[in-house]
Amino acid sequence: MNLKLKDLFYEFRNPDTIKALSAAIADEAKQLEKPLYIMEVCGGHTHIIMKYGLPKLLPDNIRFVHGPGCPVCIMPKERIDQAIALAKMDNTILLTLGDMIRVPGSKSSLANERANGYDIRALYSPLDAIKIAEENPDKKVIFFAIGFETTTPMTAVVIEQTVKKNVKNLYFHINHVIVVPPMRAVMEGKSKINAFIAPGHVSIITGSKIFISLAWKYKTPIVISGFEPIDIMRSVLMIVDQKNKRQSDVEIQYSRAVAAEGNHRAQELINRYMQLRENFRWRGIGNIPGSALQIMDKYSYLDAEKLFADILPNKPAEDDKLCICGEILRGIKEPTDCKVFGNVCVPNTPMGSCMVSSEGACNAYYRYRGV
Amino acid sequence: MQKIQLSHGGGGKETNDLIHDIFYRQFSNNILTKAEDAAVLHVGPDIAFTTDSFTVTPIFFNGGNIGKLSIVGTINDLAMMGAKPLFLSTAFIIEEGFEFEKLEAIVKSMAEETLFSGAKIVCGDTKVAPKGSLDNIFINTAGIGKIIKHGVSCHNIEPGNTIIVSGDIGRHGATILMEREGIDLKSTLKSDCANLWPAVSALAESGIKINALRDATRGGLAAVLNEWADASNIGIVINEKSVPISDEVNGVCELLGFEPYDFANEGTFMIAVKNADAHHCIDILKRFEFCKYAAIIGNAVAEHQGKVILRSEWGTSRFLEPPKGELLPRIC
C-alpha cells in the first residue's frame, strides 16, 4: 500500500465524525452531576483545541482549562538569566530549542543577546550539538536543554554521545521537567479541575502507568489523548462516560502510539544519565520538589550549572505584576481574564511566557480567537 | 570557471564587457542598447509604476530562480493594478566571486520571462560588492505599465462581493522552506512563480467589473485578506474547505507546524468581484494552466469590519490573523 502523509491525519478531521462526537458528548453530558472542568495538560493539545474551535462543540457544562504543559511557558526567568550569563562568557556558543530564544528573562532575552552579537543558536535536532562542538574545538559549547519527558531522551542521547566520543567542549544546562508533579500541584491548589486530558507524546515515553496514583488519589478520570480534533473529542467523551459511571481511571485514547509501560529503552537512557533534582521553581507555580531532572553526579564534569556556578545568577525573578501567566498555568484563570492580553502582551512583544510559545495558552488564544 | 570580480563593477572595461556579453545579449532592444544615461520613453496617460527588490535564498529553486522571480514579481504588481507591463528597469548587486555561469542562467530566464510578457527591459545597473557582504546576488526591478482596467483598488471591495483565488495556495513558500532547510522529502512540490498578466488581461477584456486584485506574495492569503478587510472596511468570511491547497503543501504544514494561509505565493492572486460575475470569472481563469484550480473561497460582509473569519467544515469559526514574526525571511 502506498501510504501518503495525509492518510495519517485526514480521517481524524472528518467533519461528520466530529459533529457526531459533539452530539454524543452533549447527550451524555446531560447526566453529569457537576460541571466538568477538564485540564488538557499539554500545550500541543491547547493549540489543537483552539485551532479547531473545539470549545464551541461542547455543551455548557464542560469546559477546557489549559494546563502547565508547555516547557517554554513554565521556565522561570532566573533560568533564562542563567542562559544569558552562559552565552555571554568568552568563546562560548549557547544552543537551545526554538521558542526558548524569545522568552523574556528578568532583563533581556536570548533573542536580544543574539542581536547584540553573542553566539546563540536554535537547534532543530539536539544531536546537532555534537556536530557544533566538534566543529568548534576552541569554544565552549553549552546546550540549554528544555522539555518534558518527550524531549528528555534526546538530551540523554546527546550526553551519551558526548561521553562515548569523549567530546571535550560540550556542556549541559538541564531544565528537563516531569509532568506528574505539576498536575499534583494543580490538584492541591485552588483550581476546579475534575478531569485531565493527559499528554500523548510524554506518555509514549513514560507509559500510562505514571498517572494511576494521581487518578485514584484525586478521583479524576485521566484520558491520554492524541493530537487530532477527533482524538480530543473522543477523549472528552471517554471522560464524560467515566464520570457518569463514577469511575476515576487512566484510559488511553491514543492507543495507536501509547502503551501502559511506555518506551523502556528511552526510560533506561534517562535513568542512566539524569537524576531527580531536589527542587525546581516553576514559573507561576513556584517550587515543586522532585519535579525536574539534573545530570547524574557521575557526569557532573559535563554539568554547566556546576562548572560555571560562580557566574550564574540565582535570584528568583518574579513576573510582571500585570501578567497572570502563573494563574493561567495553575488552571485558575483564562488568557482573556488578563488585562494586558492582546494589547500590551502580543506574540511579537510578549510580557509573559504563555504568549511566546505556540504551545502557550495565551498565544493559542491570540492566534485562534473564536468569533 | 569564470567568476565575478570587483572590477566587473568598477565602471571600466570589465563592466562594459559584462554589460555587452551578458545583459545586452539577453535583454537586447533598441532603447536599452542606445546606452544613454536614462531611457527615453513615450508613454501616454494612466501609468502605473512599481519597484521591488529580490533577495531570495536559495537563488535557484524548483519552479524558478531569483531572475524569473524578479521579472514576474514586478510584472504581477503592475497587473494587480490592471496595468499592462511596458517597460522595466533592472539593477544587480552581485557578490564578488559569483559564478558567470549562474549569472547567465539568471539573466537568460529574466529575458525569457520579459519576452513572454511583451515588456522591455530599457535600463539597468550593475554593482559588485566584496565577498561576504551579501548572499550571492540581489536584484532590483522597477516597472511601468499602462492601466487598461480602471477602478481596481484594495479600497473598493463591497459587502456582497465574492472572493476568488486563482489557484492552489502556498507552493512558493513551501518550496523555498523545504529547499532552504534541506528537508529532502519525496515530493513534486514546485514554486507557483508565474506571470499573471495573461489571466488579468483576459479578465479585463471580458468587461467584468473587478473591485480588487492582489497577488498573495509574502504573508500569503492571510496577509492579503486582512489588508483588504482593513482597506475596504469590510469583513471577509472564508470557507476553509473551499480554499485549494495541494497535498504537498498541506503535508509540509503538518510536518513543520505552519499554516498554508501564511505561505507566500508568486503566481497566485486574489480577486474580488460582484457575486453575479463570480462564475464567469472562474470560467475565464480556468482557461489558463496556472489557474486551473481557481475557486470561489468566500465573500465580503458588512459585519466584522477589518477582520477575516475562517469557517470550518464542522461549523466553528475563528479569526484568520495576519502572519506575525519572522515566519520565513528572504523568500523573494
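Guide: Gladly, and let's begin with one pair of residues: T162(B) has N299(B) in β11(B) as its bridge partner. This is a predicted model, where local features need pLDDT of at least 70, side-chain atom pairs count only at pLDDT 80 or more, and totals for chains, interfaces and linings use all residues. Residues are numbered from 1 along each chain as its sequence is written, while chains are lettered from A and ligands numbered from 1 in the order in which they are written.

Visitor: In which sense do β7 and β11 of chain B pair, and over how many bridges?

Guide: Two strands pair if DSSP finds at least two bridges between them; strands (E, at least two residues) and helices (H or I, at least four) are DSSP runs numbered from the N terminus. Here β7 (residues 162–165) and β11 (residues 295–301) of chain B are antiparallel, with four bridges.

Visitor: What is the strand order of the sheet in chain B?

Guide: Seven strands form an open, mixed sheet, β8-β10-β7-β11-β9-β12-β13 (chain B). Because β8 (210–215) and β13 (317–319) of chain B each have a single partner strand, one side of each is left without a neighbour in the sheet.

Visitor: At what angle do helices α4 and α7 of chain B pack?

Guide: Axes are lines fitted to C-alpha atoms, for helices over the stretch in contact, and angles run from 0 to 180 degrees between N-to-C directions. For α4 (residues 171–180) and α7 (residues 247–256) of chain B, the angle is about 55 degrees, with the axes 10 Å apart. That makes α4(B) oblique to α7(B), the word for angles that are not under 35 degrees (roughly parallel), over 145 (roughly antiparallel) or 65 to 115 (roughly perpendicular).

Visitor: Which residues of α4(B) and α7(B) meet?

Guide: Contact means that C-beta atoms, placed from the backbone, lie within 7 Å. R171(B), A174(B), L177(B) and M178(B) in α4(B) meet E248(B), V249(B) and V252(B) in α7(B).

Visitor: How many residues of chain A are in contact with chain B?

Guide: 19 residues of chain A touch 16 residues of chain B. Helix α1 (residues 15–29) of chain A gives the largest share of chain A's side, three residues.

Visitor: And what is the pairing in the four-strand sheet of chain A?

Guide: Parallel: the open sheet runs β4-β3-β5-β6 (chain A). Four bridges join β3 (residues 92–97) of chain A to β4(A), and L97(A) has L123(A) as its bridge partner there.

Definitions and conventions: Contact = placed C-beta atoms within 7 Å.
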